[in-house]
Amino acid sequence: MNKPFDVVIKNGTVVLADCVRRLDIGIRDGKIAALGENLTVSELTAIYDAEHLHVMPGMVDAHVHFNEPALGHWEGFATGSASLAAGGCTTYIDMPLNGVPPTVRLSALASKLEAAEGASYVDYALWGGLVPGNVGQLQGLAEAGVVGFKAFMSCPGGEGEDIFAEVDDLTLYEGMKEIARLGKVLALHAESEAIVSRLAAQAKTEGRRGALDYVATRPILAELEAVNRALFYAEQTGCKLHFVHISSAEAVQVITEAKARGMDVTVETCPHYLALTSADLERLGPLAKCAPPLRSAEDQERLWAKVAEGALNIIASDHSPCPTTMKQGDMFEAWGGISCAQSSLELMLDEGHLRRGIPLTEIARMLSLEPAKRFGLHPRKGEITLGADADLALVDLNLAYTLEQSDLLYRHKHSPYIGKTFGCRVKATYVRGAKVYEIGEEVTAKAEGSWVRHADTALVYSAIAAASAIGGESHE
Ligand SMILES: NC(=O)NC(NC(N)=O)C(=O)[O-]
Ligand SMILES: [Zn+2]
Ligand SMILES: [Zn+2]
């Protein structure tokens with residue numbers, strides 16, 4: 001006789017990988033132990049009645065910037081992860097930049113892990129960074145368990161000595177060779193620095209400093225050029241690529257064609273390219289500034305058509321927070337980045353499912369399943385299936401609410417979505433079977449999120465060690 005379930009989520013409408021079904025979810029030792037109708041409970045079992053709720057796999061947010069170490073006063077693991085929990089996210093992958101030092105060498109990874117330890121309400125994985133001069137650091141970072149590497153093709157911004165610099169073409173090429181050898185994915189911020197820096201300089205000289213002037217300095221052409229150049233180097237090196245925050249249907253199309261040629265490449269967009277336009281940037285000012293910028297309503301429709309076709313692999317928040325004062329004033333000087341950690345799942349359910357009829361299985365594929373698979377976290381994460389971690393978002397698709405500033409759990413409570421009415425709301429979030437968020441309750445959970453390494457970490461690196469012992473490989 002099995003021991004009783006610790007928790008049963010009863011009577012919910014459960015979003016599985018390929019269908020949506022009314023099921024109970026039995027949880028034992030943090031894992032999904034049973035999926036069935038009318039599961040038997042004992043007096044020791046905690047029951048959550050999910051009648052009228054949908055149970056989705058917790059979002060796996062592949063793109064957040066949590067600013068620690070050193071810039072925790074922008075956003076920290078505690079506030080950032082609490083907002084993710086409130087938004088139905090159960091695992092995130094923290095970007096290697098905007099904390100100091102950036103995660104581009106092992107000692108920096110150690111500082112990152114120290115900052116995260118005991119601070120996160122949900123589970124987390126980490127990106128390493130590729131920057132000029134650190135190709136020799138990548139193997140160590142990969143062996144330690146980063147899920148992949150991130151590089152910028154345009155200047156990321158930021159100040160100080162230990163900044164995260166964009167890659168030159170040779171670093172991109174050499175980095176891809178090494179990342180291909182390590183079997184990891186390179187994630188790219190794809191905008192041509194040559195194009196955007198020239199256009200920004202021209203706009204400044206001519207005194208054009210408005211919202212649409214900013215948008216015009218970062219045209220779709222700059223995204224397309226960078227995507228094509230990166231695909232060229234990937235063809236030369238065999239490196240797996242992931243394009244983060246793609247803003248245009250044109251770039252999605254180029255990536256789709258690369259997939260059809262057999263390239264191992266994936267594409268991400270963010271809720272803001274689907275929920276906001278350049279007209280919102282004019283209305284909201286720097287609060288809605290990001291790079292690549294928000295596009296026109298027509299461009300946005302074309303991107304939605306790509307989502308509807310199933311051409312997008314991943315949707316991630318690109319939560320890139322900062323103090324509110326840095327999101328005010330001059331459009332060109334303000335910080336680029338939108339705070340979205342708390343709203344991604346609700347935005348995609350509201351705009352995608354409720355308004356546009358995108359199936360719930362598709363939303364779950366882009367927000368949970370594909371990011372977990374692409375970055376080595378599946379089958380533990382990303383799917384409601386037997387044996388997986390019980391990471392769940394319980395959502396009410398009939399509970400409309402208007403987002404208020406006081407709802408936000410960010411360190412700095414700004415968001416372009418304050419005042420927006422959502423047609424749905426996350427009611428509760430579970431991580432490994434423990435409730436980490438419930439609407440209307442204080443956050444009483446302990447910060448027990450833990451670091452999740454790439455699933456292949458041990459396997460792949462014994463293979464690399466064996467290859468090195470045979471004498472094949474060398475690295476800087
Ligand atoms: N330094 C940043 O966090 N930049 C981010 N900012 C955006 N997207 O505006 C990004 O991911 O590129
Ligand atoms: Zn970026
Ligand atoms: Zn980002």
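N38 sits in the loop between β3 (31-36) and β4 (46-49). Helices (H or I, at least four residues) and strands (E, at least two) are DSSP runs, numbered from the N terminus. N38 is not a glycine, yet its phi is positive, about 50°.

This is a predicted model, in which local features need pLDDT of at least 70 and side-chain atom pairs count only at pLDDT 80 or more, while totals for chains, interfaces and linings use all residues. Residues are numbered from 1 along each chain as its sequence is written, chains are lettered from A and ligands numbered from 1 in the order in which they are written, and side-chain values use heavy atoms, with hydrogens and water left out.

Two other loops hold cis peptide bonds. One runs from E68 to P69, with omega near 0°. P69 is found between β6 (59-64) and α1 (77-86). The other runs from H378 to P379, with omega near 10°. P379 belongs to the loop between α13 (360-374) and β15 (392-396).

Now the largest pocket. Its space is about 1000 Å³. A pocket here is an open set of points on a 1 Å grid over the protein atoms alone, where a 1.4 Å probe fits, with protein on both sides within 12 Å along at least five of seven lines; lining residues have an atom within 4 Å of a point. The volume is the space filled by probe spheres set on the points, which are joined across faces, edges and corners.

The lining has 44 residues, and P156, G157, G158, W335 and G336 are the closest to the pocket centre. β10 (149-152), α5 (193-205) and α6 (211-217) each give two or more residues. The largest share, 5 residues, comes from α5. By class, the lining has 19 nonpolar, 16 polar and 9 charged residues. Ala, Val, Leu, Ile, Met, Phe, Trp, Tyr, Cys and Pro count as nonpolar, Asp, Glu, Lys and Arg as charged, and the others, Gly among them, as polar.

What takes up the space of the largest pocket? Ligand 1 does. The test is that more than half of its atoms lie within 2 Å of the grid points. Around ligand 1 are 15 residues, the closest being N98, H189, A291, D318 and S320. Each has a heavy atom within 4 Å of the ligand. This shell divides into 6 nonpolar, 8 polar and 1 charged residues.

Polar contacts (pairs of N or O atoms within 3.5 Å) come next. An N or O atom in the S320 side chain is 2.8 Å from a ligand 1 oxygen. For the H63 side chain, the distance to a ligand oxygen is 3.4 Å. G337 uses a backbone N or O atom, 3.3 Å from an oxygen of ligand 1. Taken alone, ligand 1 exposes 320 Å², and the protein buries 98% of that. Accessible areas come from the Shrake-Rupley method with a 1.4 Å probe.

Conventions:
Polar contact = N/O pair within 3.5 Å; in protein donor to acceptor, adjacent residues only side chain to side chain.
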